[in-house]
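Please read them with the structure open beside you.

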Amino acid sequence: MLVLYMLKRCEVPLSKSQIYDFILEKEYTNYMTLQEAFSELASTDLISEKTMANRTYLEITKEGAQTLEFFGNRINPSIRQEIDEYLKDNSMKLRNESAVLGDYKKTAENEYTVQLMVKENGSSIVDINLPVPTEEMAQAMIDNWQKNSQDIYQYVFSRLMEN
């Protein structure tokens, strides 16, 4: 229920690692139990999973929201408050981690395609696909995109708007 509550209360999809960080830090459960919970939630279609750049992002499904509506009152009110405070205090960090995405896939021998995205309200506002010759270059591009996406976006936008 904690995972469903976090996903319902957050405005952006959360990664498994973001949920792990909060729940394990608060010692609500252990790693193995949380791993089983993720698996059960996914297999019963209460959450959906999407993997990008070695990160798995979770979203609550319609069925998950209904389940939370029925059983959410079983969550201790003080825990709900801690979750709400965590999401409020970390909203920008969580949003940035979930909004700036990068992934790559092997497309041919010695060729990878890197996909770099920025999402806002579930829609892509930037979506760039670039071919690169090595997996190392693909990963470096994703890492740099995570760190510098705002500067890169502003640069490209300003250059495209020049006369």
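1. A term for the helix pairs comes first. A crossing is called left-handed if the near helix is turned anticlockwise from the far one by less than a right angle, and right-handed if clockwise. In this sense H1 passes H4 in a left-handed crossing. Helices (H or I, at least four residues) and strands (E, at least two) are DSSP runs, numbered from the N terminus.

2. On the basis of the notes: the model is predicted, with local features needing pLDDT of at least 70 and side-chain atom pairs counting only at pLDDT 80 or more, while totals for chains, interfaces and linings use all residues. Residues are numbered from 1 along each chain as its sequence is written, and side-chain values use heavy atoms, with hydrogens and water left out.

3. Overall layout. The chain has seven helices and six strands, and their order along the sequence is α-β-α-α-β-β-α-α-α-β-β-β-α. Along the principal axes, the C-alpha atoms fill a box of roughly 60 × 40 × 30 Å. Of the 163 residues in the chain, 33% are buried; buried means under 20% relative accessible area, exposed over 50%, and partly exposed in between (1.4 Å probe, protein chains only). Contact means heavy atoms within 4.5 Å. Taking contacts between residues at least 6 apart in sequence, 48% join residues at least 24 apart.

4. H1 against H4. Helix H4 covers residues 62-71, and its axis is 10 Å from that of H1, at an angle of about 115 degrees. Axes here are lines fitted to C-alpha atoms, for helices over the stretch in contact, and angles run from 0 to 180 degrees between N-to-C directions. The two helices, H1 and H4, are therefore roughly perpendicular to each other. The cut-offs are under 35 degrees for roughly parallel, over 145 for roughly antiparallel, 65 to 115 for roughly perpendicular, and oblique for the rest. From H1, Leu 4, Tyr 5 and Lys 8 meet Gly 64, Ala 65, Thr 67 and Leu 68 of H4. By class, the residues of this contact of H1 with H4 are four nonpolar, two polar and one charged. Ala, Val, Leu, Ile, Met, Phe, Trp, Tyr, Cys and Pro count as nonpolar, Asp, Glu, Lys and Arg as charged, and the others, Gly among them, as polar.

5. H1 against H5. Helix H1 (residues 2-9) also packs with helix H5 (residues 77-89), at an angle of about 40 degrees and with the axes 10 Å apart. That angle makes H1 oblique to H5. The crossing of H1 past H5 is right-handed. H1 contributes Leu 2, Tyr 5, Met 6 and Arg 9 to the contact, and H5 contributes Ile 79, Arg 80, Ile 83, Asp 84, Tyr 86 and Leu 87. Seven of the residues in the contact of H1 with H5 are nonpolar, none polar and three charged.

6. Side chains of opposite charge can pair when their charged atoms come close. A salt bridge is taken as a side-chain nitrogen of Lys or Arg within 4 Å of a carboxyl oxygen of Asp or Glu, and the count comes to three. One of them joins Asp 84 and Arg 9, at 3.0 Å from N to O. Asp 84 in helix H5 and Arg 9 in helix H1 are 75 residues apart, so the pair links distant parts of the chain. Asp 84 counts as partly exposed at 25% relative accessibility, and Arg 9 counts as partly exposed at 47%.

7. The other two salt bridges. Glu 49 and Lys 16 meet through their side chains at 3.4 Å, N to O. Glu 49 lies in strand S2 (residues 47-52) and Lys 16 in helix H2 (residues 16-25), so this pair ties together parts that are 33 residues apart in sequence. Glu 49 is partly exposed, at 39% relative accessible area, whereas Lys 16 is buried, at 17%. Arg 159 forms a salt bridge with Glu 162, where the closest N and O atoms are 3.5 Å apart. Arg 159 is partly exposed at 46%, and Glu 162 is partly exposed at 49%.

8. Helix H2 and the residue after it. The buried residues of H2 are Lys 16, Gln 18, Ile 19, Tyr 20, Phe 22 and Ile 23. Just after H2, Glu 27 has a positive phi of about 60 degrees.

9. A buried serine. Ser 149 lies in helix H7, which covers residues 135-160. Ser 149 is buried, with a relative accessible area of 9%. Apart from neighbours within four places in sequence, Ser 149 is in contact with Val 100 and Asn 144.
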